[in-house]
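Let's take a walk through this one together. Have the coordinates open and follow along.

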Amino acid sequence: MIQVSRADNSTVGRWWWTVDRWTLAALLTLIGFGYVMMLAASPAVAERIGAASRNMFFLRQVVYLGLAAAVLVAVSMLTVKQVRLLAWAGLAGAMLMVAATLVVGTEIKGARRWISLPGFGSLQPSEFLKPCFAVVAAWLIAEGKLARRHGATVLAVLIFGVIGVMLKSQPDIGMMLVVAAVFFAQFFVAGLNLLAVGFVGLLGIAGAVGAYFLFPHVQARVARFTGEQSENFQIEVALEAFGNGGLLGRGPGEGRLKNMLPDAHADFVFAVAGEEFGLVMCLVILALFAFVVVRGLVRLLGEGDLFVVLASAGLLTQFGLQAFINMGSTLHLIPTKGMTLPFVSYGGSSVLAIALGMGMLLALTRRRLSRAEDER
């Protein structure tokens, strides 16, 4: 057990007594679940695709999750000013790399979202857009509201528009909708009037209808969800896996349907958890995500810095929404969307980007005695 004296004035000492240790523990527990689920789900996928080693995905994820834990802790030690600077630098770099995917990106299933990097595999830069834009947008909205710098708010909208165009060009409609939802949530928290809320809501509905008619893959997913298309293999297998698992599951490594799910280690890892560990474990995972979101919102109740409130609200919205989309699509509550379950699904870009965002959240919600601490 970690023992740090309250008199310890070092960087680590100050961090330990100011960071939200309950949220940190919940996030590290999710990372632990990530190790367990990769050990359970990934060997079957590796064997099915004829990989050189059945532990290929697991060994990679060991590295990714280890790096994610390090990023989570390191970023959580930053000051508010340092978080803001990191977000601006990360957003600029991510936008450049997303633009590069349209030219030199690797095409997979008709989409250009990845860049091949030696020693890393495929990097998905748009994953890093989400947390960095949430923090940058929060600062611009706060500046526009508190300092009456209307140009800052306009700049936030312009950056959002550029990101939307780039994500639509890949295309990655699901990612675009998540970024839009986070951006809207921040405006709502900042005090957007009801008329504007209604207008933005209508724009969102119009955008969803437009995506349905413009993108065949969106039409296909909606058709499979509504039953207009009978071919819905992964969802049928996932639901059968939950049924097989029952209350306590078949036992670690005893799942059978993971041998049939193409994305058992990624988008449908929650179904593997349901079959092997049962309803109880699925509820524990769900409770951890809910705890992080609710605890984060409660932590903001006494916060007087609008930027911190907006940035944290955006990061929590992104985290909770991504978890909901993954679990909801696996349970056939919403149309399927290729989105990972934070820290639990396979994917280097995903876990590192989520660790960056949650590290920023922990840094922003640390207890501070004075404004000077934010600017150091």
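What follows goes from a helix to the core, and then to a few individual side chains.

Keep in mind that this is a predicted model. Start with helix α13, which covers residues 348–364.

Now for the nonpolar core. The largest one has 102 residues. Among those with the most contacts inside it are M358 and M360, along with L91, I163, F307, F319 and F343. So what does M360 touch, once its neighbours within four places in sequence are set aside? Its contacts are V75, V83, L86, A87, P131, C132, V135 and L315.

One of those contacts is a cysteine, C132. Is C132 buried or exposed? Its relative accessible area is 2%, which is under the 20% cut-off, so C132 is buried. C282 comes out at 6% relative accessibility, so that cysteine counts as buried too. As for disulfides, a search of the whole structure finds zero.

Finally, look at E127, which sits in helix α5 (residues 126–146). This glutamate has 8% relative accessibility, so E127 counts as buried. Its side chain makes a polar contact with the side chain of K130, at 3.1 Å. Leaving aside neighbours within four places in sequence, E127 is in contact with M175, S349, S350 and A353.

How values were computed. Residues are numbered from 1 along each chain as its sequence is written. This is a predicted model: local features need pLDDT of at least 70, side-chain atom pairs count only at pLDDT 80 or more; totals for chains, interfaces and linings use all residues. Side-chain values use heavy atoms; hydrogens and water are left out. Helices (H or I, at least four residues) and strands (E, at least two) are DSSP runs, numbered from the N terminus. The expected span of a helix is 1.5 Å times one less than its number of residues. A nonpolar core is a set of buried Ala, Val, Leu, Ile, Met, Phe, Trp, Tyr and Cys residues joined through side-chain atoms within 4.5 Å. Buried means under 20% relative accessible area, exposed over 50%, partly exposed in between (1.4 Å probe, protein chains only). Contact means heavy atoms within 4.5 Å. A disulfide is a pair of cysteine sulfur atoms within 2.5 Å. A polar contact is a pair of N or O atoms within 3.5 Å; within protein, one must be able to donate a hydrogen and the other to accept it, and residues adjacent in sequence count only if both atoms are side-chain atoms.
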